[in-house]
Every structure is written in structure tokens, then in C-alpha cells.
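Please open the structure in your viewer and keep the sequence beside it, and we will go through a few selections one after another.

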Amino acid sequence: VSFENAKGLIPHMIRGISTSKSHRVDTINLRYENPQQRIKERISAIDKERPFSNFLTDRFDRQHTYLRISITERCNLRCNYCMPAEGVDLTPVHNLLSTEEIIRISQLFVSQGVNKIRLTGGEPTVRKDIVELIGELGKLKPQGLQTIAMTSNGIALKRKLPKLVENGLNSLNISMDTLDPYKFELISRRKGLDRVLETIDQGIALGIRPMKVNCVVIRGVNDQEVLDFVELTRNKPIDMRFIEYMPFDGNKWNKKKLIPYREMLDNIKIKYPDVRKLSNDSHDTSKAFNVPGFVGRFGFITSMTDHFCGTCNRLRITADGNLKVCLFGNAEVSLRDLLRENVPDQQLLEIIGSAVKNKRKQHAETSGRASMVNVSTKSSTYRTATAFGKVHIGRQAFELVRTNTMKKGDVLTTAQIAGIMAAKQTGNLIPLCHPLLLSHVSVDLTLDEKDNYAVKILSKVECEGKTGVEMEALTAVSIAALTVFDMCKAVGKEMIICDLKVVEKTGGKSGTWRFPTKETNE
């Protein structure tokens, strides 16, 4: 029986047992005295047994029930770990999601099983229609939305909070990194700690549970206040969460500022030795603890030292409408453009499903740190490397290059110069390559009509240094090949860059090595 048919059958089953005041139908567990309530309970039970949406299930069987939507890029603070003092370049308003687009996206995700939506920013309260937006989301609760949450700095929230709660807001995170008003101004580059504290108290008074307070802990900045924050949980029913400092553009992040959660916990246990670990939901991002007798609790969000990727159920929508399946990932899919092209919901779901299926098992920041090889103990030696590659440009382009009549100019000379310049910039182009002072770079390009109209490129790089120059030679050939491609693309529509390889290297511990090819023999 299909789900919809099951809903239709239940009222008929009730009518069929209406002759007995206490008759019980074991198969559906309904009593005659209160049939409508039992119908609701049974439908709810059927809902729970439905298979979760395949579109929101990734390759690792993670079911994504939590959607975070950024509703603005603007913020009324300038926290130094979040953005530079001058702020950031804002996306033009017409490129941001409209309220109607946010609601349509929310409806689509809720229809597939999302039961929690969190509004973020920027700072959500700077959006003029925030109260109305929460009200529209509240209308999705009968469709399965259980939690409407918001993350805010609390500066401008107090006046709006009662109406937001009335419209459906039932979870709130307040960002507060210090209890010192002077340090607050230093961190956020703005005043307003008193307003943040008032907002937290008001949220508690309005019955918001959970009432979460987020603190990004930075060594040498606010790490000495961790115990003061824990003390807040003595009389306040809050969930105090300490967040490991994470790298984002513009925050001048370095590893020395990171305090691992275990270090924080050890320090807390010195003052509160009877701290106890609390149980966590499988999707919780925070490791929860409690001091016996305290009404609140505290926890740690360990994104950097102990990731929780394996149970991640979160998806994110940026303010300009891009779907991000991982906060740390760069891959994005523009839902805004699809909405504005009036793409049907089914097609939207297929695109969303494809993005979700490509979500990695864990984010790159936790799958291994990148680091440059230490060459300080190595001896400087004379080193060379020779690399080879070729571009098949097609007959028409080949003739134009051979006669030097290509519209863009002298292809071979331009590519030669580009290759030499690129070799000298390899340390800037390849993140973990050492910058080297090169002694000599040669890039030679030859034409070979018999080899399917090929431009063959050979580069030799020399230096006196502590590490090899293979990458410099490969970079020279690669950029020379790309230059040929660029200058010939208007004519050669089916060009192929191929056979890129190191064919010889000398110097260093491994000595001389050669890859036997016709090109090196010549």
C-alpha cells in the first residue's frame, strides 16, 4: 500500500470498528474513543518509516536533515578572526537571494526530509524582513520542519526577539567571545557587550531551549576566560560552546593561535575536577560536559583536532544562493541561477542530489596537513631538469604557425618567453615548491608535421641549490603549451596538450636519471 493510500485507508478502518466503544484493532493500534488523535499518531509513525530522500543522502549514507541558510553578507561587527577591519566587498543586492527564493529553497528541502533550518549571515538581524522571514518558515512546521534556529551576535536582537519567538524561532546561538567589555571592543572592533548579555538573558526568559553561546577561543586573546564562561553555566541554563579557532580568509590564521579542546578541558578540570561527560546526539557538533549542580552545560566544537565529518548532516546555502555541501570545501552549485531560470523542482532536486553525492568523507582540513619539505640540512649541488610536452594543433593552425601568420602574432616566440617567465615563478604558482634562484632556463619549440601537426616543447632548467628543479622545468613546458593553445584556439578547435613529463634530471642525492625518448636522444 502506498503512503498516500495508507492515509486514505485509515478513516475507513476507523468507521469499520465504530460499533464497539472499546474495540481495539491490533494491527493499527487505534481506539474508538479518540480516533482522530490515533490517526495523527499513525500517520506520524508512517512518516517516520518512509525511506529518507535519496537526493539528500550521500555516498557514505549520511542523511542531510539540517540546512543552514546565509541570508545576508552584511554584519554590524568586524571581529578580527572573521574579517578585516575595512570589511569585505559585498555582493550586489540583485545577486543575493530574495525572500521568496529563500522560502522556495526551504520548502524544497523540507519536502525531502530537512527538519532543521538555521539562518546565518553575516548578521541575520541586519536584514530588514527577518521577522517576516521567520514567520514564513514557521508555516513549514506542519510539513515536517521542527527547528527554526538563528545564529546572531546579539547586538541588535533584543528588541526583535519576542516577535521572532512568536513567529516560530525556537533555537538560538549567540556569539560572544569575551566577558570583558574592553576586550570585546578589541575583538569585534565595536562596543556592545552589555546588549549581548541582555539578549542572552531575554532568550532564557522567553523559554528558548537550547540557548547556546558560542565562543571562539584564541590563544593569547581570550583563552584565560574559559573558566569564567564555564562559571556562567552555574546559574544560567545555557549551552556554552568553545570553538577551536578555524582558518578563514582574512583572519590571519596561524596554528599557534589554536588551542586544542583537550587542553581546554584539562584546564577546566583543575578547577572543576568532578566534570562529567554528557551523552551526545549522533549529529551533535559539540562534545558536551557538565559540572554537577550547575544548571547549564558546556562543550567543545572540535573542527580542527577531532572532526565530526562522519556524522555530518549539514548543507549550506550562501547569501548569493550557492549550495555548499561542506563548510571547508570550495565546490558550490548556484541554486539562485536555476531558480531564476524557472527550473522545475524535480530538476533542482537532481542537481542538489548530484552535489550531495559528491560530498567528501571528510573535509580537507582534517584529512592531513600540507607542509613544505625541510631542505635546510641538505647540501647545495648543481642540479638540472629537462621536461618535454607537445601540442597537436591541427593542419590549419600548423600552417599559420609555420609561416608566422597567426593573427595573434609570433606563436613560438611568445610561448618561449611565457615558459621562461613561468619557470621563474614556480615557487609562487605551486604552493609547496621552494622558491629557487635559477641559473638558466631554456625553452625550445619545434614543429613536427609528421607527428599529427605537433608543436614539441623541451625545457631545461639549471640551478645551484638544495632541491631539484623538475617542477620548474614542468611548469615551463606547461605554460608554453598553454600559450600555444591560447594563440591558436581561434583556428584549431580540436587541439590536444599531451605527453608532459620529466625526461632527465641530474644532481642531488639520487644523481642522474633519464627517461629514454626520441626527443632527449636528439
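**A tour of charged pairs**

Begin by selecting D451 and K390, which form a salt bridge in which the closest N and O atoms are 2.8 Å apart. This pair links distant parts of the chain, since D451 sits in the loop between strand 16 (438-448) and strand 17 (454-465), while K390 belongs to strand 15 (residues 381-392), 61 residues apart. As you look, keep in mind that this is a predicted model. K390 counts as buried, because its relative accessibility is 11% and buried means under 20%.

Next, select D201 and K236, whose side chains meet in a salt bridge of 2.7 Å, N to O. Here D201 lies in helix 7 (residues 193-205), and K236 in the loop between helix 8 (226-232) and strand 8 (239-244), 35 residues apart. D201 is partly exposed at a relative accessible area of 36%, and K236 is partly exposed at 25%.

Then move to E263 and R219, where the side chains meet in a salt bridge at 3.0 Å, N to O. E263 is in helix 9 (residues 261-271) and R219 is in the loop between strand 7 (211-217) and helix 8, so the pair ties together parts that are 44 residues apart in sequence. The structure holds 23 salt bridges.

Finally, select L429, I430 and M471, which form a nonpolar patch on the surface with about 240 Å² of accessible area together; L429 is found in helix 14 (residues 426-429).

Methods:
Residues numbered from 1 in each chain as written. Predicted model: local features only at pLDDT ≥ 70, side-chain atom pairs only at ≥ 80, totals over all residues. Heavy atoms only, no water. Patch = residues over 30% accessible without salt bridge, like charges linked within 9 Å, V, L, I, M, F, W, Y side chains within 5 Å. Areas by Shrake-Rupley, 256 points an atom, 1.4 Å probe, with all protein chains shown as cover. Salt bridge = Lys/Arg side-chain N within 4 Å of Asp/Glu carboxyl O. Helix = DSSP H or I, 4+ residues; strand = E, 2+ residues; numbered from the N terminus. Buried < 20%, exposed > 50% of the residue type's maximum accessible area, 1.4 Å probe, protein only.
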